[in-house]
Amino acid sequence: MRAYFYDNSDSDPKEPHEQLTTVTPEELRNLGVLYWHFDGDNYLDKINNIAKERNYKNRDEINVSEEGLGDSYESKLKIFFQEHLHEDEEIRYILDGSGYFDVRDLLDRWIRIAVTKGDLIVLPAGIYHRFIVDTNNYLKAMRLFKEEPKWTPINRPADDNPHRLGYLQSLRDSGLYK
Ligand SMILES: CSCCC(=O)/C(O)=C/O
Ligand SMILES: [Fe+2]
């Protein structure tokens with residue numbers, strides 16, 4: 001995983017768009033974004049432990065590629081890359097390939113999180129974000145869910161959404177933000 005501020009140039013969003021300023025895992029944690037890296041033979045045990053600790057009961061897999069999504073590949077990518085939030089955590093373990101999760105910080109800047117095989121990322125409910133593959137056009141992920149698998153993007157603007165308000169309140173409660 002590498003995280004950095006996104007340069008807002010108009011070129012293909014599948015390009016890195018990397019600015020020099022990096023963002024540390026601690027800075028991500030301050031936004032409620034959690035990160036682990038598990039590889040090796042026992043990666044499933046490690047995921048199972050996190051799932052138990054955090055009450056993730058269900059999981060499935062998604063192959064984000066032309067092969068995996070067929071004719072709906074481009075339209076699905078458009079949906080994933082539209083800025084949105086979810087009313088539950090977004091939990092993804094990268095099984096193969098690579099891609100980018102972009103999250104908004106509290107100054108409304110995009111932070112780009114480049115993920116590769118073995119990365120496990122948790123985006124909190126209510127954070128504005130988007131996803132895109134890189135120019136390799138292939139990412140396979142395990143999606144974990146607290147309850148029944150559901151994936152409902154709520155596109156921005158959703159500033160009055162209770163989960164958005166709850167997210168902002170949780171950051172204020174952390175004492176790191178006013
Ligand atoms: C890499 S999983 C597909 C994208 C997705 O589920 C999502 O919610 C993106 O924000
Ligand atoms: Fe999402």
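Student: In this predicted model, does H86 count as buried or exposed, and why?

Tutor: Anything under 20% relative accessible area counts as buried. H86 sits at 7% relative accessibility, so H86 counts as buried.

Student: Let's move to a helix. How should I read the buried positions in α5?

Tutor: Start with the general idea: an α-helix has 3.6 residues a turn, so residues three or four places apart point the same way. In α5, the buried residues are R164, Y167 and L171. Looking down the helix axis, they fall within an arc of 60°, so they line one face of α5.

Student: What covers them, and which exposed residues are on the face turned away?

Tutor: The cover includes α1 (25-30) and β5 (84-85). On the face turned away from the buried side you'll find the exposed P162 and D173.

Student: What span should α5 have?

Tutor: Its twelve residues (162-173), at 1.5 Å a residue, should span 16 Å, and the end C-alpha atoms are 16 Å apart, which agrees.

Student: What should I look for at the helix ends?

Tutor: At the start, a side-chain oxygen of N161 comes within 2.7 Å of the backbone nitrogen of H163. Just after α5, G175 has a positive phi of about 85°.

Notes:
Residues are numbered from 1 along each chain as its sequence is written. Chains are lettered from A and ligands numbered from 1 in the order in which they are written. This is a predicted model: local features need pLDDT of at least 70, side-chain atom pairs count only at pLDDT 80 or more; totals for chains, interfaces and linings use all residues. Side-chain values use heavy atoms; hydrogens and water are left out. Helices (H or I, at least four residues) and strands (E, at least two) are DSSP runs, numbered from the N terminus. The expected span of a helix is 1.5 Å times one less than its number of residues. Buried means under 20% relative accessible area, exposed over 50%, partly exposed in between (1.4 Å probe, protein chains only). The arc is that of the directions from the helix axis to the C-beta atoms. Contact means heavy atoms within 4.5 Å. A polar contact is a pair of N or O atoms within 3.5 Å; within protein, one must be able to donate a hydrogen and the other to accept it, and residues adjacent in sequence count only if both atoms are side-chain atoms.
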